[in-house]
Protein chains: 2
Amino acid sequence: MKSYEVGLMWTASLEVDFFLISSFLPVGDIRSNLKVEDPMKQSLGAKTLLFPAPVLMVGTYDQAGKPNLMNAAWGGICCSEPPCVTVSIRKSRHTYAAIVERKAFTVGIANEAHMTEADYAGIASGRNADKFAVAGLTPVRSGLVDAPYAEEFPVVLECRLLHTLEIGIHTQFIGEIVDVKADISTLSEDGLPDILKIQPLVYDTAHRGYHAVGQLLGTAFTLGKKLG
Amino acid sequence: MKSYEVGLMWTASLEVDFFLISSFLPVGDIRSNLKVEDPMKQSLGAKTLLFPAPVLMVGTYDQAGKPNLMNAAWGGICCSEPPCVTVSIRKSRHTYAAIVERKAFTVGIANEAHMTEADYAGIASGRNADKFAVAGLTPVRSGLVDAPYAEEFPVVLECRLLHTLEIGIHTQFIGEIVDVKADISTLSEDGLPDILKIQPLVYDTAHRGYHAVGQLLGTAFTLGKKLG
């Protein structure tokens with residue numbers, strides 16, 4: 001099946017909307033003056049293509065109290081106050097039941113130096129493997145939430161479960177960040193971590209690649225001022 | 001206020017949990033064998049530090065039908081099936097009312113070539129500026145959802161609103177991705193976009209930097225197999 005066919009299939013239920021948007025705009029509606037297609041772009045269908053995605057190491061205790069770790073790319077910050085992070089996990093994963101039961105998890109930032117260990121955590125299951133032991137990672141007990149983290153990852157967010165949202169095949173867990181701990185060696189003069197010292201992995205959702213973070217190109221809330 | 005004081009303030013309500021986790025583990029509980037602190041790490045308090053974050057260009061029509069664009073780093077993929085993306089937006093933003101009213105938005109991937117325009121969209125407000133016009137971006141009318149996108153960004157996700165979740169100062173909007181469109185020039189032989197051709201911006205949540213995506217380091221679901 002070609003990608004445009006997948007696109008058509010996926011959007012079949014939207015035909016009415018399409019018809020309305022395209023054909024029945026009120027006279028004088030600003031939208032009717034807009035370009036309606038970009039010939040330089042190709043439709044790829046309904047896919048989870050977003051660039052970049054993070055590589056999040058989700059730490060939990062299972063029912064027996066055994067520390068476990070999984071690798072999640074579906075997540076990110078979702079609120080500044082209270083500071084919150086999301087991770088989306090399938091019900092079939094060992095981590096799912098752990099978060100539901102303990103109402104806590106940690107999020108470690110996977111880095112270049114531990115890329116193989118991070119990837120392993122996304123392949124094996126905590127049901128039949130002690131992933132910390134196999135990967136040679138050191139479990140540390142959080143004193144703030146009922147979840148462990150791996151000492152080897154340079155930044156860790158300790159989270160208590162705030163919301164659980166069923167979306168589809170993934171369940172989204174929203175964790176309130178109660179503390180962030182970072183390797184002292186990664187801190188810059190202002191006391192915050194330096195992304196080029198953390199060396200976090202950047203995930204490519206199209207080709208499943210782990211990439212490095214490249215050079216600094218500019219600073220937000222500054223560059224754009226020259227336009228207005 | 002120093003960061004550890006903020007940390008203490010934030011975690012005050014967790015004192016009971018801390019006490020329980022640290023002092024009253026049942027005899028023989030696996031957790032009691034774990035290391036309880038990592039002396040190489042420093043507590044930074046409850047902060048939105050996650051590496052990396054994306055730079056998402058959220059496209060909407062406002063009440064008058066005028067195309068608008070904002071810059072959001074709080075978001076990411078949250079479900080594979082149906083394919084969904086989140087963006088978190090404050091109620092005070094012009095984009096907030098637009099999504100609530102139109103129940104649709106687009107997500108463009110900000111790239112190196114349009115970094116200044118992307119940053120401008122995060123500074124100005126659509127209430128008193130035509131951001132597309134000021135930034136010299138071309139609004140394109142989606143035929144699938146009631147929202148526009150900027151032609152200049154190399155990848156765009158067209159989304160219909162699926163869920164709205166109030167978290168704190170941010171509201172999380174979950175959009176079902178009904179199509180992804182990508183510049184033909186960025187596609188690799190398999191028909192999917194090449195991240196090194198897209199050149200998406202990578203956002204540093206600690207120092208607000210826009211970074212490039214660096215070299216490919218390894219491939220997910222492959223590397224980790226050597227461990228078990």
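**View 1. A residue of chain A faces a residue of chain B across paired strands.** In this predicted model, Ser43(A) stands opposite Lys181(B), which belongs to strand S10(B).

**View 2. Strands from chain A and chain B form an open sheet.** The sheet holds 4 strands, in the order S11(A)-S12(A)-S12(B)-S11(B), and their pairing is antiparallel. Strand S11 (202-204) of chain A and strand S11 (202-204) of chain B stand at the edges, and because each has a single partner strand, one side of each is left without a neighbour in the sheet. From one strand to the next, the twist averages 45 degrees.

**View 3. A salt bridge links Glu151(A) and Lys35(B).** The side chains of these residues, Glu151(A) and Lys35(B), meet in a salt bridge with an N to O distance of 2.2 Å. The pair crosses between chains: Glu151(A) lies in the loop between strand S8 (148-150) and strand S9 (155-166) of chain A, whereas Lys35(B) lies in the loop between helix H2 (15-23) and strand S1 (41-43) of chain B. In general, side chains of opposite charge can pair when their charged atoms come close.

**View 4. Arg31(B) and Asp146(A) form another salt bridge.** The closest N and O atoms of Arg31(B) and Asp146(A) are 2.6 Å apart. Across the interface of chain B and chain A there are 6 salt bridges, while the count over all chains comes to 20. The residues on the side of chain B that touches chain A comprise 77 nonpolar, 35 polar and 29 charged ones.

**View 5. The interface of chain B and chain A is shown as a whole.** Here 141 residues of chain B are in contact with 142 residues of chain A. Between them the two chains bury about 12000 Å², of which 66% is on carbon and sulfur atoms. In chain B, the residues that lose the most area to chain A are Lys41(B), Phe51(B) and Arg141(B), which together account for 7% of what that side buries. Across this interface, 67 residue pairs are in polar contact, counting pairs with both residues at pLDDT 80 or more.

Note on methods:
Residues are numbered from 1 along each chain as its sequence is written. Chains are lettered from A and ligands numbered from 1 in the order in which they are written. This is a predicted model: local features need pLDDT of at least 70, side-chain atom pairs count only at pLDDT 80 or more; totals for chains, interfaces and linings use all residues. Side-chain values use heavy atoms; hydrogens and water are left out. Contact means heavy atoms within 4.5 Å. Buried area is the accessible area (1.4 Å probe) that two parts lose on being put together, summed over both. A salt bridge is a side-chain nitrogen of Lys or Arg within 4 Å of a carboxyl oxygen of Asp or Glu. A polar contact is a pair of N or O atoms within 3.5 Å; within protein, one must be able to donate a hydrogen and the other to accept it, and residues adjacent in sequence count only if both atoms are side-chain atoms. Ala, Val, Leu, Ile, Met, Phe, Trp, Tyr, Cys and Pro count as nonpolar, Asp, Glu, Lys and Arg as charged, and the others, Gly among them, as polar. Two strands pair if DSSP finds at least two bridges between them. Helices (H or I, at least four residues) and strands (E, at least two) are DSSP runs, numbered from the N terminus. Axes are lines fitted to C-alpha atoms, for helices over the stretch in contact, and angles run from 0 to 180 degrees between N-to-C directions.
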